[in-house]
Amino acid sequence: MQDYGLSVSFYRATYLVDIDMVEGKRVLKLDDISGNGNAWRDVDVLSFNTGHWWTHKGSLQG
C-alpha cells in the first residue's frame, strides 16, 4: 500500500448528517453534513455499512 500512497481510515458516525440538541432532544439536521462531512472530505472512495442502523435499541435508536 505504501508504494501506491494508499491509506485506509475508519470513521464511525451514527448518521451522515449532523445531530443537534434542541430542548434536550436529539434532532437530525438533514440539510447539514458539515460536522461529519469534514472527516471524509476529499477522499477518493467512501464505503458505507448501513445494515447496523436498523438494529439499535434504547438511546442508540434513531
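What follows is a chat about a predicted model of a protein chain.

Biologist: What is the average pLDDT of the protein chain?

Modeller: The model is predicted, and the protein chain averages a pLDDT of 79. Of the residues, 77% score at least 70.

Biologist: Which element has the lowest confidence, and which the highest?

Modeller: Confidence is lowest in α1, with a mean of 81. Strand β1, residues 18–22, has the highest, at 88.

Biologist: How many helices and strands are there in the protein chain?

Modeller: There is 1 helix and there are 2 strands. Read from the N terminus, the order is β-β-α.

Biologist: How much of the protein chain is buried?

Modeller: Buried residues are 11% of the 62 residues. The protein chain exposes about 5,800 Å², and 53% of that area comes from carbon and sulfur atoms.

Biologist: And contacts: what share is between residues 24 or more positions apart?

Modeller: Counting contacts with a separation of 6 or more, 30% are between residues 24 or more positions apart.

Biologist: Changing topic. How many salt bridges does a search of the whole structure find?

Modeller: The search finds 1. K29 pairs with D32 in a salt bridge, and their closest N and O atoms are 3.4 Å apart.

Biologist: Where is D32?

Modeller: D32 sits in the loop between β2 (25–29) and α1.

Biologist: Is D32 buried or exposed?

Modeller: D32 counts as buried because its relative accessible area is 18%, and the cut-off for buried is under 20%.

Biologist: What else is D32 in contact with, leaving aside neighbours within four places in sequence?

Modeller: D32 is in contact with V17 and D18. D18 is in strand β1, which covers residues 18–22.

Biologist: Where is F48 found?

Modeller: F48 is in the segment after α1, and α1 spans 34–40.

Key: Residues numbered from 1 in each chain as written. Predicted model: local features only at pLDDT ≥ 70, side-chain atom pairs only at ≥ 80, totals over all residues. Heavy atoms only, no water. Helix = DSSP H or I, 4+ residues; strand = E, 2+ residues; numbered from the N terminus. pLDDT = per-residue confidence, 0-100. Buried < 20%, exposed > 50% of the residue type's maximum accessible area, 1.4 Å probe, protein only. Contact = heavy atoms within 4.5 Å. Areas by Shrake-Rupley, 256 points an atom, 1.4 Å probe, with all protein chains shown as cover. Salt bridge = Lys/Arg side-chain N within 4 Å of Asp/Glu carboxyl O.
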